[in-house]
Amino acid sequence: MRAHYREEGLGESELAPDPFAQFALWFAQATASGLHEPNAMVCSTADERGRPSSRTVLLKRYDERGFVFFTNYGSRKGREIEANPYVSLLFPWHGIARQVIISGTAERTGRDETAAYFRTRPHGSQLGAWASEQSSRVASRQELDRLYAQLAERYPEGEDVPAPAQWGGYRVRPETVEFWQGRENRLHDRLRYRLAAGGWEIERLCP
């Protein structure tokens, strides 16, 4: 199980002045390449004792303030972020031999931002956010389906569904953003933006 990477690399002169502009470029290229769910990212958190956990979440928006995903605040990742706000996000774009690795701190988005996004979700996904107490134990699949059916009866299609109080967004404010480009002979290009007092600095890392 050994992949062969391409000759084309990534040089410092090609990079945008800040990681958000560079991410926008790479994200557009990943989307154009036909990758399945290029907004899927591995979100890693750690509890107050430093024990890590990871899961895949979906990037829903990004700008110069950070990278946003939504979840149940009572989930494992939500509880861990409340205890330890340092997180890592990884975009594993294997099909184009690229990765983006973001390290920073997570903070809750405002309720207005959460409510605005929640209104754009499909009706079934809105009901699912109410039905699932994410990461908690449930007696059976039938119990989960029963809860969903009750909500579907309470909020039929076309009726406004409010965002649950325990559900909302996190914005990850990056401190470093690494752009990884696979190269031949395992001599990959790794260029990392690091937030310093004067703005973003770019450094090259050994592969």
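These are my notes on what I looked up in this predicted model.

**Ground rules.** I number residues from 1 along each chain as its sequence is written, and side-chain values use heavy atoms, with hydrogens and water left out. In this predicted model local features need pLDDT of at least 70 and side-chain atom pairs count only at pLDDT 80 or more, while totals for chains, interfaces and linings use all residues.

**Entry: Ala129.** I looked up Ala129 and found the residue in helix H4, residues 123-131. Helices (H or I, at least four residues) and strands (E, at least two) are DSSP runs, numbered from the N terminus. Is Ala129 buried or exposed? Ala129 has a relative accessible area of 7%, so I note the residue as buried. Buried means under 20% relative accessible area, exposed over 50%, and partly exposed in between (1.4 Å probe, protein chains only). Leaving out residues up to four places away in sequence, I list Phe118, Arg121, Pro164, Gln166 and Trp167 as touching Ala129; contact means heavy atoms within 4.5 Å. For Phe118, 11 residues from Ala129 along the chain, I noted a C-alpha separation of 9.6 Å.

**Entry: aromatic pairs.** I searched the whole structure and got 19 aromatic pairs. Rings of Phe, Tyr and Trp (its six-membered ring) pair if their centres lie within 6.5 Å; planes under 30 degrees apart count as stacked, over 60 as edge-to-face and the rest as tilted. For Trp26 and Phe179, the ring centres are 5.2 Å apart and the planes stand at 90°, so I logged the pair as edge-to-face. Why does this pair tie together parts 153 residues apart in sequence? Because Trp26 lies in helix H1 (residues 19-32) and Phe179 in strand S7 (residues 167-181). I marked both Trp26 and Phe179 as buried.

Next I looked up Phe27 and Tyr62, whose ring centres are 6.1 Å apart with planes at 70°, so this pair is edge-to-face. Phe27 lies in helix H1 and Tyr62 in strand S3 (residues 61-63), so the pair ties together parts 35 residues apart in sequence. Phe27 counts as buried at 18% relative accessibility, whereas Tyr62 is partly exposed at 27%. I found Phe27 and Tyr62 in one aromatic cluster, with Phe20, Phe23, Phe67, Phe91, Trp93 and Trp200.

**Entry: charges over rings.** I count a charge as over a ring if NZ of Lys or CZ of Arg is within 6 Å of the ring centre and within 35 degrees of the ring normal. Arg98 lies over the face of Trp26, 4.1 Å from the ring centre. Over the ring of Tyr73 I found the charged end of Arg108, 3.7 Å from the centre.
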